[in-house]
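Please look through the sequence and the three-dimensional structure below before reading on, and keep both in view while you follow the explanation.

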Amino acid sequence: MDMILFEEMSIGDYEQVVFCQDKASGLKAIIAIHDTTLGPALGGCRMWPYESEEAALRDVLRLSRGMTYKNAAAGLNIGGGKSVIIGNPKTDKSEALFRAMGRYVESLNGRYIIAEDVGTNEYDMNNIYLETDYVTGSTARAGASGNPSPKTALGVYYAMKRTAKEVYGDNSLQGKTIAIQGLGNVAYDLCQLINQEGGHLVVTDINQEAIQRVVRDFDAKAVGVEEIYGVTADIFSPCALGAVLNDETIPQLKVKAICGSANNQLADIERHSQLLSQLEILYAPDFIVNSGGVINVADELSGYDEERATVKVKAIYEQMGQVFEIAKREAITTAEAANHLAEQRIAQMLNVRRTFLQTGKSAICKR
Ligand SMILES: NC(=O)C1=CN([C@@H]2O[C@H](COP(=O)(O)OP(=O)(O)OC[C@H]3O[C@@H](n4cnc5c(N)ncnc54)[C@H](O)[C@@H]3O)[C@@H](O)[C@H]2O)C=CC1
Ligand SMILES: O=C(O)CCC(=O)C(=O)O
């Protein structure tokens, strides 16, 4: 590994990285806590057959930092963290593996709260709950919120409507063509919402079954995995994995806007957001668009109320509008505007905390 860990941690301002190994269950995991200024770090656990340990480490560092920004911009009183388990979610899962992971989460004593991400689900969280209370998104107890994907999809839908309003002057998706990459948990529900509103879907996935389901249920048109970038559409919606907006793909785009659920869509945030802006393609920043899932699971920390969580998720519409306004007012890219929003809130709350209080009052105290 030619990566120097403490240097990486220092550059990205990470608080803590924990390597977890349990030989009996086969667990190899990394937990990254990026920033806990606003509260305990909350973020999902990705299970993925990473090609190297360095790739896993890079992913968890990138994703945990993203959670700090996402949680701050969403107005949540929680910090940013994430975890990865190195393994194949189709073949390597077991009760023991997730219980071993749960014990590592417990050992952090509330500094990190786990949830699901790509490759893990609410049933895995149920096994984690057997070892720790610091888990959200399970179905294991009263007040647990379960699978966050439907709420993530709802948030993407509202972000997409606000994006459509910004570009086309009307927030309706009726008659609009949306090109969707990746048809997993989030995108299936998103396709349903778009279809219900009369939008047209052009879709792709590496999984044929996922494609067939959406073609059958929502009258979508399927294209090849590489063709999706060149589809003539109103909005491109990346809902698979990260770094899909890069030097090769951006010049192929024939859309006026991008709004999707995938984390870390821009391969190089600064350069590629500038390039999109030069091409007059409006980029709806990923961590604002996809914050519905974490807004939903974080609601558990105050005693889960689905109605309240839904109201907060729908408010992504206004939040997106605010980001577009900041970008226009300050003549910066939308990615920069979203970052400013998050960074300003963290700086302001750090300042508020200068006043001494006898007892701490954090999100987790309210459980
Ligand atoms: N599930 C949630 O609540 C949240 C998800 N996200 C992000 O949204 C994205 C999607 O999440 P989920 O739907 O939960 O994941 P998922 O694993 O259910 O779906 C991902 C889909 O993308 C497909 N895919 C993978 N590589 C592809 C490629 N090169 N081209 C086309 N399709 C490809 C997969 O076959 C799969 O169907 C991920 O980036 C995730 O981190 C972000 C916030 C919350
Ligand atoms: O939605 C979740 O399960 C937790 C939040 C998260 O990991 C994410 O938003 O990427």
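Is R271 buried, partly exposed or exposed? With a relative accessibility of 43%, R271 counts as partly exposed, because buried means under 20% relative accessible area, exposed means over 50%, and partly exposed lies in between (1.4 Å probe, protein chains only). The model is a predicted one, in which local features need pLDDT of at least 70 and side-chain atom pairs count only at pLDDT 80 or more, while totals for chains, interfaces and linings use all residues. Residues are numbered from 1 along each chain as its sequence is written, chains are lettered from A and ligands numbered from 1 in the order in which they are written, and side-chain values use heavy atoms, with hydrogens and water left out.

Side chains of opposite charge can pair when their charged atoms come close. A salt bridge is taken here as a side-chain nitrogen of Lys or Arg within 4 Å of a carboxyl oxygen of Asp or Glu, and by this rule the count comes to 23 salt bridges. In one of them, the side chains of R271 and D247 meet with 3.1 Å from N to O. Because D247 lies in the loop between β9 and β10 while R271 lies in helix α8 (residues 269–278), this pair ties together parts that are 24 residues apart in sequence. The labels for helices (H or I, at least four residues) and strands (E, at least two) refer to DSSP runs, numbered from the N terminus. D247, at 42% relative accessibility, counts as partly exposed.

Elsewhere, R46, D59, R62, K82 and D117 are linked in a network of salt bridges.

Helix α3 leads on to the packing of helices. Two packed helices are described by the angle between their axes and the distance between the axes. The axes are lines fitted to C-alpha atoms, for helices over the stretch in contact, and the angles run from 0 to 180 degrees between N-to-C directions. Helix α3 (residues 95–107) and helix α4 (residues 122–129) have axes that come within 7 Å and cross at roughly 60°. The two helices are therefore oblique to each other, given that angles under 35 degrees count as roughly parallel, over 145 as roughly antiparallel, 65 to 115 as roughly perpendicular and the rest as oblique. The crossing of α3 and α4 is right-handed, a crossing being left-handed if the near helix is turned anticlockwise from the far one by less than a right angle, and right-handed if clockwise. The axes of α5 and helix α6 (residues 185–196) come within 8 Å and cross at roughly 50°, which makes α5 oblique to α6, and α5 passes α6 in a right-handed crossing.

N109, in the loop between α3 and β5 (112–116), has a positive phi of about 55° although it is not a glycine, and at 60% relative accessibility N109 counts as exposed. N264, in the loop between β10 and α8, likewise has a positive phi of about 55° without being a glycine, whereas its relative accessible area of 19% makes N264 buried.
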